[in-house]
Every structure is written in C-alpha cells, then in structure tokens.
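The tour goes from selection to selection, with a short note at each stop.

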Amino acid sequence: MPLVVNLRHLEARNIRLEGKLPVRELDIDPRDEVIQVGPPLEYDLEVQQLEDGLLAQGRLHLALECQCVRCLKPFQYRLELTDWTCHLPLQGEDRVAVVNDCVDLTPYVREDILLEFPRHPLCNPECRGLPKTSLGRVKNASSAGKTEVGPSAWSELNKLKL
Ligand SMILES: [Zn+2]
C-alpha cells in the first residue's frame with residue numbers, strides 16, 4: 001500500500017495510514033556496505049488538514065541489517081521514529097506535488113529515515129573490536145621448529161661408535 005493521501009477524503013475527516021511499505025517502493029539506498037535494508041517499513045500515521053497544508057504524525061519503524069564496524073559481527077538495528085511529524089504545505093513556493101488530488105508522503109518519509117541511519121554501526125557501544133592476542137601466538141609457533149634436532153640422529157651415532 002503506497003503512502004498516499006487523498007485530499008478529497010481529507011476534507012471530511014483525518015486519515016489514518018497504517019501498514020507496510022516494501023523497501024523497493026521506499027526506494028532507499030543506504031550507500032554504505034555495512035548497512036542492508038531487508039523487511040518493509042512499518043508505518044502508523046495520522047494525517048490532518050491544516051489551513052495551508054497537511055500535517056502527518058505518527059510512528060515509523062524499519063529494521064536494518066548492520067555489520068559492526070569494529071568487530072564485523074552482523075546485528076539487527078531497530079530504526080524507530082516514534083513521534084515523526086511532517087508538515088506539507090499546499091501553498092507557496094515549497095508546496096508539495098498534488099497528482100489527481102493525492103499527495104505522496106514517500107519522499108518525506110525516505111528523507112527522514114535516511115537521516116536516522118547509523119553513521120558507524122556498532123553491535124554494542126562498548127564493542128572493543130577483534131581480539132588481537134591470537135596473532136602473536138601464531139608467530140611463535142612457526143619459528144619453534146627450526147633448531148629442533150631429533151633424538152634419532154644421536155642414537156644412530158652411538159650405534160656406529162660401538
Ligand atoms: Zn562489535
């Protein structure tokens with residue numbers, strides 16, 4: 001269901017918009033390889049008519065699949081705007097596009113959702129990243145075998161002396 005408000009319906013009463021918007025319709029591009037968008041956007045909005053425009057208010061929720069920038073662990077990030085408010089003017093220079101008496105809220109939702117994307121996603125604010133101790137252990141193991149002399153060589157020499 002697209003996020004569209006019919007202005008004629010709005011003249012009679014406020015409009016409730018509730019549902020899910022597939023990500024391809026939201027047309028969102030995270031522009032960041034550590035963030036993936038999967039499940040649809042969930043919305044629950046109420047739209048009312050003002051003298052010079054529309055007012056949309058409500059809740060937006062989008063689940064993001066993120067990768068921690070420190071430890072590379074995948075985790076889910078809940079992007080939630082519980083008190084989203086958007087004023088859409090119908091007059092003046094900034095007036096919104098009206099097509100067949102309808103206003104599409106999608107571009108305004110997209111803009112505000114993108115602003116809420118995490119800049120440097122962390123699985124946990126305290127995340128300390130990848131453990132570094134294992135690297136040191138590998139180095140010691142590889143140099144240990146060089147000077148080793150097998151006990152069998154000495155026992156062979158002893159046999160010759162006899
Ligand atoms: Zn992490």
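Two strands count as paired if DSSP finds at least two bridges between them. Keep that cut-off in mind for the first stop; the model is a predicted one.

**Stop 1: the strands.** Select residues 15-21, strand E2, together with residues 41-49, strand E4. These two strands are antiparallel and share 7 bridges. To find one of the bridges, pick arginine 16, whose partner in E4 is glutamate 46.

Leucine 45 has glycine 58 as its bridge partner in E5. Follow the chain from E4 to E5: the two form a hairpin, with 3 residues between them.

**Stop 2: the zinc ion.** Which residues provide them? They are Cys68, Cys71, Cys123 and Cys127, each through its SG atom, at 2.3 to 2.4 Å from the zinc ion. Along the chain, the donors follow the spacing C-x2-C-x51-C-x3-C.

Check the angles next. The 4 donor atoms subtend 106 to 112 degrees around the zinc ion, so the arrangement is tetrahedral. For comparison, the ideal angle for four tetrahedral donors is 109.5 degrees.

Are cysteine 68 and cysteine 71 buried or exposed? Cysteine 68 has a relative accessible area of 0% and is therefore buried. Cysteine 71, at 18% relative accessibility, also counts as buried, because the cut-off for buried is under 20%.

**Stop 3: the nonpolar core.** Select Leu41, Leu105 and Ile113, the residues with the most contacts inside the largest nonpolar core, which has 38 residues. Elements that each supply at least two residues of this core include helix H1 (7-12), helix H2 (23-26), strand E3 (35-37) and strand E6 (74-89). E2, E4, E5 and H3 are also among them. In soluble globular proteins, nonpolar side chains tend to be buried together.

Centre on isoleucine 113 and show its surroundings. Leaving aside residues up to four places away in sequence, isoleucine 113 touches Ile28, Leu41, Leu60, Leu62, Leu79 and Leu81.

**Stop 4: threonine 106.** Finish by selecting threonine 106, which lies in helix H3 (residues 106-115). Its relative accessible area is 6%, so threonine 106 is buried. What does threonine 106 touch, not counting residues up to four places away in sequence? Its contacts are Leu3, Leu21, Glu25 and Leu26.

Methods:
Residues numbered from 1 in each chain as written. Predicted model: local features only at pLDDT ≥ 70, side-chain atom pairs only at ≥ 80, totals over all residues. Heavy atoms only, no water. Donors = N, O, S within 2.8 Å, 3.2 Å for Na, K, Ca; no water. Tetrahedral: all angles 85-135°; square planar, octahedral: opposite > 155°, others 65-115°. Buried < 20%, exposed > 50% of the residue type's maximum accessible area, 1.4 Å probe, protein only. Helix = DSSP H or I, 4+ residues; strand = E, 2+ residues; numbered from the N terminus. Contact = heavy atoms within 4.5 Å. Core = buried A, V, L, I, M, F, W, Y, C linked by side-chain atoms within 4.5 Å.
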